[in-house]
Amino acid sequence: MTDIATYNFAYLDEQTKRMIRRAILKGIAIPGYQVPFASREMPMPYGWGTGGVQVTASIIGPDDVLKVIDQGADDTTNAVSIRAFFKKVANVAVTTDTASATIIQTRHRIPEHPLTAGQVLVYQVPIPEPLRFLEPRETETRKMHALEEYGLMHVKLYEDIAKHGRIATTYAYPVKVEGRYVMDPSPTPKFDNPKMHRSPALQLFGAGREKRIYAVPPFTDVVSLDFEDHPFEVQTFDQPCALCAAENVYLDEVILDDHGGHMFVCSDTDHCEKRREEGHRGHLAPEMMEPAQ
Amino acid sequence: MDIAAQSIEGGFADPVFNAQTVFRAVMDAMARPGSVQALPGLARPPAPLSATSGAIALALCDNDTPLWLDPALHASAAIGSWLGFHTGAPLANTPADAHFAFVANPAEMMALDGFSQGTQDYPDRSTTLILQVGDLTSGTPLLLAGPGIETSATIAPARMPRHFVEQWKQNNQRFPRGVDIVLATPDGIACLPRTTRIKTMEA
């Protein structure tokens with residue numbers, strides 16, 4: 001017997017999966033609306049992606065190919081652990097290649113490689129309610145969504161401009177979905193917001209601690225909130241990736257020593273590795289690459 | 001076959017993986033309205049509940065989801081006990097209490113607004129309708145637009161409810177409240193979530 005036999009397929013019991021599946025269907029039917037669901041205890045702490053894991057566990061089948069990224073990287077603790085978890089409890093194929101994955105569970109990034117129809121992007125969400133830091137009472141935020149009363153969010157963005165001269169929100173930048181619900185895109189950098197707009201992939205969001213699931217169907221309008229005189233802008237970087245020389249991608253700052261040395265590299269490790277395999281070289285890339293294994 | 005045997009036979013051969021297959025078909029159909037997702041006959045419920053809608057019931061319904069059956073389905077005691085045995089789902093007293101409604105005869109169906117529409121605060125508390133249609137090609141062509149559809153999609157479900165396009169327009173106007181529809185043909189499904197806008201080809 002393999003050790004998978006000690007669990008139901010994909011860890012969750014069937015009744016839990018049905019409950020989550022019903023919530024996902026409602027989420028797809030009402031884009032941007034946060035569907036309450038009976039989030040379960042998972043064998044990892046809240047904050048490590050229990051919402052995303054429950055969504056993935058409920059949709060995944062034996063033919064799926066799973067990719068898990070954490071801040072764009074396939075090789076960080078969270079990504080490695082969740083990938084190993086599904087390998088163990090669902091015995092599914094895993095990959096780091098964005099194009100060949102059918103389900104991509106992500107913490108706080110959207111891959112640089114364009115997603116295609118048929119792929120599902122599962123976001124891990126810490127605080128699903130975009131209005132929560134403006135209005136702590138759930139009864140009130142629920143009413144605000146019901147009445148489409150989003151003035152408070154515009155006031156918040158306006159206060160940014162009054163204080164800083166520009167909208168200073170850089171991540172979890174609020175979006176309006178299909179002209180109705182204001183939604184938190186999860187703490188992705190606002191750099192990724194345009195990728196959500198009319199994406200061919202289905203986007204599902206799971207918040208385990210806050211017990212909410214929401215969704216953006218493919219080809220759905222996702223518009224970042226802004227003002228006519230302060231239009232939405234994404235981050236730009238002065239220099240290309242130090243390893244693969246990519247431009248117009250999201251970069252992470254990496255500290256190299258304790259004398260202030262640092263470099264900027266692609267946050268999407270799969271994208272960066274592919275480019276280096278193709279022969280692109282940044283100014284800090286090693287002279288000779290070892291041949292790919 | 002007596003009613004006791006009928007109510008026990010015909011469930012999923014492999015409950016875990018069959019339920020996943022059916023759910024993914026429904027999810028993909030709901031995410032891409034107008035696309036037809038093939039579904040092999042995984043369940044064998046008593047007639048007139050179709051194999052496709054039976055499979056949807058097995059995949060999504062349980063003791064948390066009151067069901068409503070249209071008169072054609074309600075008339076068969078075997079269907080009630082089949083659903084009861086395999087899903088444990090109670091039957092709803094009124095359509096407005098139902099989480100899922102199964103309709104074998106959509107042409108004779110009651111109005112869409114008789115089902116639960118959810119509330120403005122909780123629009124998810126609405127009924128999902130599973131309509132058994134003969135096919136998606138022989139009826140009035142419906143031109144679909146909205147989330148999940150890149151430009152437009154067309155389906156032509158047979159034997160749809162009376163004044164369906166007009167009723168659906170009202171369903172759109174209730175957004176975010178409203179019902180969602182799963183069209184179950186003998187070999188596949190298509191979905192009409194409440195966000196989908198419908199135009200008839202003639203109009």
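**View 1. Strand E5 of chain A and its parallel partners.** Strands E5 and E8 of chain A are paired in the parallel sense, with five bridges between them; two strands count as paired if DSSP finds at least two bridges between them. Strands (E, at least two residues) and helices (H or I, at least four residues) are DSSP runs numbered from the N terminus. The model is predicted: local features need pLDDT of at least 70 and side-chain atom pairs count only at pLDDT 80 or more, whereas totals for chains, interfaces and linings use all residues. Residues are numbered from 1 along each chain as its sequence is written, and chains are lettered from A and ligands numbered from 1 in the order in which they are written.

**View 2. Burial of strand E5 of chain A.** Five of the five residues of E5(A) are buried, so the strand is largely enclosed by the rest of the structure. A residue is buried if 20 or more other C-beta atoms lie within 10 Å of its own, exposed if 12 or fewer, and partly exposed in between, with C-beta atoms placed from the backbone. In a regular strand, side chains alternate between the two faces of the sheet. Both faces of E5(A) are covered: A:Val120, A:Val122 and A:Gln124 are buried on one side, and A:Leu121 and A:Tyr123 on the other.

**View 3. The seven-stranded sheet of chain A.** The strands form an open sheet of mixed pairing, in the order E1-E9-E8-E5-E4-E2-E3. Its edge strands are E1 (35-36) and E3 (93-94) of chain A, each of which pairs on one side only. E8 (residues 202-207) and E9 (residues 212-216) of chain A run antiparallel and are joined by five bridges; A:Leu204 stands opposite A:Ala215 in E9(A). Helix H2 (residues 50-59) of chain A lies across E4 (103-107), E5 (120-124), E8 and E9 of chain A, and runs at about 150° to E5(A). Angles run from 0 to 180 degrees between N-to-C directions, and axes are lines fitted to C-alpha atoms, for helices over the stretch in contact.

**View 4. The interface between chains A and B.** In this view, 30 residues of chain A are in contact with 29 residues of chain B, two residues being in contact if their C-beta atoms, placed from the backbone, lie within 7 Å. On the chain A side, the elements giving two or more residues are helix H1 (14-29) and helix H4 (138-146). H1(A) gives the most, with 11 residues. By class, the chain A side has 17 nonpolar, four polar and nine charged residues; Ala, Val, Leu, Ile, Met, Phe, Trp, Tyr, Cys and Pro count as nonpolar, Asp, Glu, Lys and Arg as charged, and the others, Gly among them, as polar.

**View 5. Helix H1 of chain A against helix H2 of chain B.** The axes of H1(A) and H2(B) come within 10 Å and cross at roughly 5°. The two helices are therefore roughly parallel to each other; angles under 35 degrees count as roughly parallel, over 145 as roughly antiparallel, 65 to 115 as roughly perpendicular and the rest as oblique. Residues making the contact include A:Arg21, A:Ile24 and A:Leu25 of H1(A) and B:Ala19, B:Phe23 and B:Val26 of H2(B). The contact residues divide into 12 nonpolar, no polar and two charged.

**View 6. Helices H2 and H3 of chain B.** H2 (residues 15-31) and H3 (residues 51-60) of chain B pack at an angle of about 105°, with their axes 9 Å apart. They are therefore roughly perpendicular to each other. B:Ala19, B:Val22, B:Phe23 and B:Val26 of H2(B) meet B:Ala55, B:Ile56, B:Leu58, B:Ala59 and B:Leu60 of H3(B). These contact residues comprise nine nonpolar, no polar and no charged.

**View 7. The surroundings of B:Pro193.** B:Pro193 lies in the loop between strand E8 (188-192) and strand E9 of chain B, and is buried, with 25 other C-beta atoms within 10 Å. Leaving aside neighbours within four places in sequence, B:Pro193 is in contact with A:Ile28, A:Ala29, B:Met30, B:Pro33 and B:Asp180. B:Pro193 and B:Ala31 are 162 residues apart along the chain, and their C-alpha atoms are separated by 8.4 Å.
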